[in-house]
Amino acid sequence: MRSCVFILIAVTAACTPPSEQRAELDRQVGMRAGGGVEIAVDDGLAAVTHLDEAGARLWCSAPELVIRLRSDASRPFELELFNTMRDARIVAIGAAGEAMPLEEEDLGTATRKRAMLDLSAGDNVIHVTTSDHGDRAPWRFALMSDVQSGIGEVQDLFRAMNAEEGLRFLLGAGDLSSDGTREELERFQDELLGLRVPYYTTLGNHDSPQAGLWQEMFGRGNFRFVFRGVQFTMLDSASATVDPLAYAWLDGWLDEGLSRVHLFAMHIPALDPVGVRNAAFGSRNEAGKLLSSLYRGNVAMTLYGHIHSFYQYDNAGIQAFISGGGGAYEERLDGYTRHYLVIEVGADAGIVNTDRVAIE
Amino acid sequence: MAAALLLVSGTAQASPPEQDEGVDPDGEPSAGLRTLSVLTSLVPGALLHGAGHFTMGRRDAAYRLFAVQGIGFGMLVLGGLPIVLTGANRYVTREAAVIGALGVGLWAITWQSDVYGALVPLAARGEPEPTLSHLEVEVGYRYVHDPRFRYASFAHSALELRSGGLRLRPETMVALDDANRRTRVLAAYRFFGPRAQEREAPDGTYLELSSAVTHHAYRTERFATLTPEVFVSGRLDLARLHGDLTGMFGELGFGFGLQLFDYEGPPLGQDAEALLLARMGWGFYLGGPDTPVGEVVSYYDHRHDDYVGGFTELSIGVPGHIGFAGRGWLNDNFGFNAIFEAGAAIMAGGSLMFRDTRP
């Protein structure tokens, strides 16, 4: 009987589309239990890469987090935040609502921090914010996707970004790796140590072959966050489609973003500006459905990767950019080299400026 | 398309071969040899098309299939190399994709021909309908499984009007459980081949130029598309390639469309997406000698704008979808068809058909 159940589970898993598997795995991101501690990150905005009775390590997917820690006893606890903002501020609230003292230290790099605190028995809440939280003035972020085989030269791009004035973070639209193996994704995370800002990204088709590995190491493929009044929605289109579960989430996120400046990013674009090539959604009608939703959701800009070049166009009247210049095998004869985008945006000003920065 | 296949045969004929050319009903292989031929058509036949025919001693047919396969492979390389070398450059992809797609089509046609030819005795193969009726009506049902949309059940109807080489086909799919409707009007001219109200064609080979306009309203999702297109297609009765390939046919076609999106806000055509159309099919006729009944066809369709769309999940958005369709006539007037397609969605269904065979 037990073998029949295992076979049924295996067959069901084999028949479940990969996009659906990934969406289901997204639900579990940010939640873990072990060693008498339960951790839950609001909206799954961090992957819990390690948890035991003495501490936890999180890979952050957003500039600001709310981390809920339930402990069965008072205990010293070490919280490591990887891929966090340079100026991240950590505030801990104990079970009785009291502010908890904590010691912070940098881990030798701009985007990794450690906080030592004493958890109280019961529910504790950790708030991770930034020094410019709530500032509605324009600010800048960068966009880079499709590194893949260019991983050996990615530091060129990172050096250029480090020299950019005022960049808050790097946004990604997927295809960090060539084959999505653990070794490749770990290599990429190591390379990120050379970047002085965090990298918030969804996944691409090359990152997705091993079910669950992305969620384990980087976090959700479908998520959204708000920073300084601007909303960013990241969707998993690595399968040239979006899972129905993700569409259900998207409806809520679009409602939230109606009154905000709202930017949207995913890997495979809904429509390829070169229609006869169709390096885009497999179904044009699904593309129309998604773009209709984004149009009605008042999205200000759509950002894509997948195509290893640069395209600027409109879809459903929304500004669109394809930026796949992270170093992967390039589209030839297009006049573009490796590049990233720098986008200036403000909660009140909207999209202020978009520049392409070429790396020779 | 039809012209390409005729060219590669090396013995292009304006009319089909004499009956029984290359066919020896008394020379059918034994059951054991036929079984071996079928297996050979699979391995190594999947790579060496014609291996099945070669095994059963029909070597001329085998060489013809292998030659056409070779030309298909060449076209695939000719089309694929520019795409690979330029990283799918925006300026070369269109023409290269057409050539490559047609090459894949030839490849699929020759392999399936080898398998079918090894499996089915010559005497058991069907023949094409030599002439067509001037009026056909279809009414049926389609089921579409696409979890991204609300619809599932559709009423399908089509009317086909023919006069000589001219053909007009309005067609609709109306959702029974959602506010979704697809309406298409096609006009075509058949240069040669089975036509309506004319003398019988020598076989099922034809060449046709068509133009269509499709309107698809997604009222629930609040958008619609309008797609004009032009398409040229052809069918070659494979008996023209060699008599041992009688009862089978290959189809190739390509064209272009322009899909205009209307989001109930931005002006119609805010998004105007070019559409590369390509279709490759292989099939066989049903019915005995002098009593054609119908046909079955398997095909690849590069369209991404219909209910089924292109393959997702393990693809990168470029491939289209596959399908299987069949039609058969129960008598002079009534028949049925069935269809199954798989891509981003799955569609299956069937229709009742009526035709007016009065002169």
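Mentor: Let us start with a definition: on a 1 Å grid over the protein atoms alone, a cavity is a set of points where a 1.4 Å probe fits but cannot get out, and its lining residues have an atom within 4 Å of a point. This is a predicted model, where local features need pLDDT of at least 70 and side-chain atom pairs count only at pLDDT 80 or more, while totals for chains, interfaces and linings use all residues. Residues are numbered from 1 along each chain as its sequence is written, chains are lettered from A in the order in which they are written, and side-chain values use heavy atoms, without hydrogens and water.

Trainee: What makes B:L132 a lining residue of the second largest cavity?
Mentor: A lining residue needs an atom within 4 Å of a cavity point, and B:L132 is listed there, along with B:R162, B:R190 and B:E208, among others. The structure has three cavities of 30 Å³ or more.

Trainee: How many of the lining residues are called charged?
Mentor: Five are charged, beside four nonpolar and two polar. Asp, Glu, Lys and Arg count as charged; Ala, Val, Leu, Ile, Met, Phe, Trp, Tyr, Cys and Pro as nonpolar; the others, Gly among them, as polar.

Trainee: Why is the pair B:R90 and A:E331 called a salt bridge?
Mentor: The term asks for a side-chain nitrogen of Lys or Arg within 4 Å of a carboxyl oxygen of Asp or Glu. For B:R90 and A:E331 the N to O distance is 2.9 Å, so the pair meets the rule. Chain A and chain B share three salt bridges, and the count over all chains is 50.

Trainee: What does the salt bridge between A:D123 and A:R70 tie together?
Mentor: The closest N and O atoms of A:D123 and A:R70 are 2.7 Å apart. A:D123 sits in strand β11 and A:R70 in strand β5 of chain A, so the pair links parts 53 residues apart in sequence. Strands here are DSSP runs (E, at least two residues), and helices are runs of H or I with at least four, numbered from the N terminus.

Trainee: How many residues does each chain bring to the contact?
Mentor: Contact means heavy atoms within 4.5 Å, and 49 residues of chain A and 46 residues of chain B take part. The two chains bury about 3,600 Å², 55% of it on carbon and sulfur atoms; buried area is the accessible area (1.4 Å probe) lost on putting two parts together, summed over both.

Trainee: What makes the peptide bond from B:V43 to B:P44 stand out?
Mentor: That bond is cis, with omega near 5°, and B:P44 lies in the loop between α2 and α3 of chain B.

Note on methods: 1 Å grid on protein atoms, 1.4 Å probe; cavity = no way out; pocket = protein on both sides within 12 Å on 5 of 7 lines; lining within 4 Å. Points joined across faces, edges and corners; volume = space filled by probe spheres on them.
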